[in-house]
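Me: I have a structure open and would like to talk it through with you, question by question. Shall we take a look together?

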Amino acid sequence: MNDQNGNHKPIIVCKDVHKWYGDFHALKGIDMEVKKGEVIVIFGPSGSGKSTFIRTLNRLEEHQRGQIIIDGIELSHDVRNIEKIRMEAGMVFQQFNLFPHMTVIQNVTLAPMRVRKWPKAKAEEIGMELLERVGIPEQAQKYPANLSGGQQQRVAIARALAMQPKIMLFDEPTSALDPEMIKEVLDVMIELAESGMTMLVVTHEMGFARSVSDRMFFFDEGQIVESGTPQDIFHNPQEDRTKLFLSQILTH
Amino acid sequence: MTTTTQTEVIRPPESPGLWKWIRENLFSNWINGLLTVISLIVIYWVVTTSVRWVFFAADWSPVLTNPLLYLVGQYPREELWRLGASLAMVSLLLGVSWRKWGGVMRTFAYMYALFMLIGAFWPAQGETLTMPMRIFFLVNILVTLAGYFLARVAAIRSAYILGAWTASAVISLILLSGVEALNLLPKVTTGLWGGLLVTLILAIGGITISFPIGVLLALGRRSSLPVLSVISTILIEVVRGVPLIGILTLFSIILPLFLPPEMRIDRLLRALVGMTIFSAAYMAENVRGGLAAVPDGQIEAAKAVGLNGFQITTLIVLPQALRAVIPPIVGQFISLFKDTTLAAGIAVLELLSVGRSILQANPEYIGLQTEVYIFIAAVFWIFSYLMSYASRRLELALGVGER
């Protein structure tokens, strides 16, 4: 496991992952390997299991069959493993989910201070650096309610990055945003991708997928229907369902 | 600056003058005019009658004559210095808190000073407040100011102030009840305590103890551990299904059955425990409402950044849940405060029963119930209103960052 090999060794390995909600079979055997530094886009119709899948990766949802191995640690019922993986995998939600009773900088420094046990000064220094990186250092002392949706989502990205994760999971990060704010969030994500972060993004932003992602996965009815480079997916889709879906979201 | 386009400045409409307002709102048509006139007559009649009764017709002597009975009941007069010492601690800490937190605490300090002034200049007849007592009331105002300036000179941490409040409560209770072994502090049985002292002990004790228990019960009821949630649910539902007076009497009659005969639990303590348990059950349901109001996304976000279950509860869920239920919680505090009167049912001499016993003990007060009960109602109203006011201030202060 030296450095050269490390780059080829997958950081996320999913083998035959299944998930049921009662009788509903939400994930039907997902296999996926993600290498370090890859940017993966997951797309598909609503109810296709794409959000469920990304949420199994940090155990917000529990998978019932198969294997998920993140950075060499297998997700199981072992709480210590779950906590370790959550430290390594940051997550950004559709609804931002900032803590409304804390200021922006408190949102960002909370986990580093409580989980990584950094002293306050260090956490705040790194927190301010991150707020600068996402372009809103001047909002540090405000409460989330006083920020626009785009600003809130950028704070949420900074909050996830503050734990210095190896992987970033994005669950429809721009779906709840007004159109004029989508770009400011995507710009931050593009910069993050260019910095070499391993990213899994559930999104319908096909412009982002085309220009930034390394591979795309099309989900439908709990399965991966098709995967490939953006080149393959956009110009040479193999499956009818992929073609149909792309025609539906790209025509207007 | 000259501009080619004419932009008209749009102003908000002028606020109407007084006469215009009256015409538009009180006399807009003949029905409204009639209602206004009738209302004015009724208001005039009620106000003049009340004023005439309060200042001329009423005989306030049962209230004015016995200030110490209302304040402390039968607490031995030669041991009153202990109460004074406790009061001085409260004064000092109130001053410190006023400087530290301002807001509600400032209002409390003003009200406290007002109470002290009223005490100092109480127009008492009969068993009077002695001159040293009156001077002591005034000194307490100075002690409060001293606390204020102390906190201004030295920066004191909030945790220390809270600790000092807790310590002062414990020290006060030890002082008041005395220590058997010490010559200096002979035991004063709680049977002699009474009046406002007992009412406040029951209320403050009940509130501060029932609050954390209520929070724990609410968390327990929502716990994923079946044992915990079943026990919490049973406790909450059983207690909520029984009237408070029932719980108080149950404690008086049933508790001694389980204990050896030589061990007698203090009556005041029994009342306190009963009220605490009762209030905790209601508190738990209020808090549970707040817990349900915290969106799942908050817990997911907290999990995703790696916080553990305890941290999620204390740092993310509870602060939001409790803020959402300040009004019902304070409502619960206020009703607990008023429910202290039910302790009379197990022979605890709180404020209301002191009033009643004063009426019964003195034949010359026959027919003066109205005066006594109105006075007691006024005392209850003042304290309840202060709590309600504090609640509103707290909501405003914590409203920052509302979604």
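This is a predicted model: local features need pLDDT of at least 70, side-chain atom pairs count only at pLDDT 80 or more; totals for chains, interfaces and linings use all residues.

Me: What is the phi of A:Asp71, which is not a glycine?
Reply: Most residues other than glycine have a negative phi. A:Asp71 is not a glycine, yet its phi is positive, at about 50 degrees.

Me: Is A:Lys117 buried or exposed?
Reply: A:Lys117 is found in chain A, in the loop between α4 (104-114) and α5 (120-133). Phi of A:Lys117 is also positive, near 60 degrees, in a residue other than glycine. The relative accessible area is 59% and the cut-off for exposed is over 50%, so A:Lys117 is exposed.

Me: Which residues is A:His77 in contact with, leaving aside its neighbours within four places in sequence?
Reply: A:His77 is found in the loop between β5 and α3 (79-88) of chain A. At 61% relative accessibility, A:His77 counts as exposed. With neighbours within four places in sequence left aside, the contacts of A:His77 are A:Arg59, A:Glu62 and A:Ile82.

Me: How many Å apart in space are A:His77 and A:Thr174, C-alpha to C-alpha?
Reply: Along the sequence, A:His77 and A:Thr174 are 97 residues apart. In space, their C-alpha to C-alpha distance is 32 Å.

Me: Which residues have the most contacts inside the largest nonpolar core?
Reply: Nonpolar side chains tend to be buried together in soluble globular proteins. Here the largest nonpolar core has 124 residues. Those with the most contacts inside this core are A:Phe53, A:Leu57 and A:Leu200.

Me: Which residues is A:Leu200 in contact with, beyond its neighbours within four places in sequence?
Reply: A:Leu200 is one of the residues with the most contacts inside the largest nonpolar core. Leaving aside neighbours within four places in sequence, the contacts of A:Leu200 include A:Ile12, A:Met32, A:Val34, A:Ile40 and A:Ile42. Also among them are A:Phe53, A:Ile54, A:Leu57, A:Met168, A:Leu169 and A:Phe170.

Me: How many residues has the other core, which lies apart from it?
Reply: Among the residues of this other core are A:Ile105, A:Leu177, A:Ile182 and A:Val201. The core lies apart from the largest one and has 49 residues.

Me: How many helices and strands does chain B have?
Reply: Of the 403 residues in chain B, buried residues make up 41%. The C-alpha atoms of chain B fill a box of roughly 95 × 70 × 50 Å along the principal axes. As for its elements, chain B has 17 helices and 0 strands.

Me: How many Å apart are the C-alpha centres of the two domains of chain B?
Reply: Chain B is divided into domain 1 (67-188) and domain 2 (193-403). The contact between them takes 18 residues from domain 1 and 19 residues from domain 2. Their C-alpha centres lie apart by 24 Å.

Me: How are α9(B) and α14(B) oriented to each other?
Reply: Helix α9 (residues 195-222) and helix α14 (residues 309-324) of chain B pack with their axes 13 Å apart. Their contact brings B:Phe211, B:Val215 and B:Leu219 in α9(B) to B:Thr313, B:Leu318 and B:Leu322 in α14(B). The angle between the helices is about 110 degrees, which makes α9(B) to α14(B) roughly perpendicular.

Me: Is B:Ser172 buried or exposed?
Reply: B:Ser172 lies in helix α8 (residues 158-177) of chain B. Not counting residues up to four places away in sequence, B:Ser172 touches B:Ser86 and B:Met89. With 12% relative accessibility and a cut-off of under 20%, B:Ser172 counts as buried.

Technical notes: Residues are numbered from 1 along each chain as its sequence is written. Chains are lettered from A and ligands numbered from 1 in the order in which they are written. Side-chain values use heavy atoms; hydrogens and water are left out. A nonpolar core is a set of buried Ala, Val, Leu, Ile, Met, Phe, Trp, Tyr and Cys residues joined through side-chain atoms within 4.5 Å. Buried means under 20% relative accessible area, exposed over 50%, partly exposed in between (1.4 Å probe, protein chains only). Contact means heavy atoms within 4.5 Å. Axes are lines fitted to C-alpha atoms, for helices over the stretch in contact, and angles run from 0 to 180 degrees between N-to-C directions. Helices (H or I, at least four residues) and strands (E, at least two) are DSSP runs, numbered from the N terminus. Angles under 35 degrees count as roughly parallel, over 145 as roughly antiparallel, 65 to 115 as roughly perpendicular and the rest as oblique. Domain bounds come from an automatic or database domain assignment.
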